[in-house]
Amino acid sequence: MGKIRIRTGRGTGTKEIEDGEKKWSGDAYRKLQEERKKAAANRTVHTGRGTGSRKLGDIPEPKSRPSTEGMTRVTGRGTGSRKSKNKGSS
């Protein structure tokens, strides 16, 4: 791929980075998030408005999203509907 310019520091600067595969969502992001969590497993995070704390390694894995395929989805301010095509995640 090529290089792209991105904005930095509240839009005051720029830097060029290699334009590779985007990892913003889906399985690629889930894998990246899992790697980051393993690397920081011993780190403590605060929860519940700062009143509780737990280690990142103790936080459970997220559940997979259930399929809503075939269910009716309301659209257009409640005036229309269509069948859902969401197959969920594995």
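## Legends to close-up views of a predicted model

Overview: how the protein chain is laid out. Among contacts in the protein chain between residues at least 6 apart in sequence, 6% join residues at least 24 apart; a contact means heavy atoms within 4.5 Å. This is a predicted model, in which local features need pLDDT of at least 70 and side-chain atom pairs count only at pLDDT 80 or more, while totals for chains, interfaces and linings use all residues. Residues are numbered from 1 along each chain as its sequence is written, and side-chain values use heavy atoms, with hydrogens and water left out. The protein chain holds one helix and six strands, in the order β-β-α-β-β-β-β from the N terminus on. The radius of gyration is 20 Å, well over the 12 Å that the globule rule gives for 90 residues, so the protein chain is more spread out than a compact globule. This radius is taken over C-alpha atoms, and the rule is 2.2 Å times the number of residues to the power 0.38. Along the principal axes, the C-alpha atoms fill a box of roughly 45 × 40 × 25 Å. Of the 90 residues, 4% count as buried (under 20% relative accessible area, with exposed over 50% and partly exposed in between; 1.4 Å probe, protein chains only).

View A: the largest pocket and the residues nearest its centre. The volume of the largest pocket is about 300 Å³. Its lining is made up of 14 residues, and those that lie nearest the centre are Arg-30, Gln-33, Glu-61, Pro-62 and Lys-63. A pocket is an open set of points on a 1 Å grid over the protein atoms alone where a 1.4 Å probe fits, with protein on both sides within 12 Å along at least five of seven lines; lining residues have an atom within 4 Å of a point. Points are joined across faces, edges and corners, and the volume is the space filled by probe spheres set on them.

View B: the second largest pocket, with helix H1 in its lining. This pocket has a volume of about 240 Å³. Among its lining residues are Ile-4, Ile-17, Glu-18, Asp-19, Trp-24, Tyr-29, Leu-32 and Arg-36. Strand S2 (13–18) and helix H1 (26–39) are the elements that give two or more residues to this lining, and H1 gives the most, with three. Helices (H or I, at least four residues) and strands (E, at least two) are DSSP runs, numbered from the N terminus.

View C: Gly-80 and Ser-81 in strand S6. Strand S6 covers residues 80–83. Leaving aside neighbours within four places in sequence, Gly-80 is in contact with Arg-73, Val-74 and Thr-75. On the same terms, Ser-81 touches Thr-72, Arg-73, Val-74 and Thr-75. Gly-80 is partly exposed, with a relative accessible area of 24%. The C-alpha atoms of Ser-81 and Thr-14 are separated by 45 Å, and the two residues are 67 apart along the chain.

View D: Arg-10 in the loop between strands S1 and S2. Strand S1 spans 3–8. Arg-10 has a positive phi of about 60° although it is not a glycine. Arg-10 counts as exposed, at 88% relative accessibility.

View E: Arg-77 in the loop between strands S5 and S6. Strand S5 spans 72–75. Arg-77 is not a glycine, yet its phi is positive, at about 60°. With a relative accessibility of 88%, Arg-77 counts as exposed.
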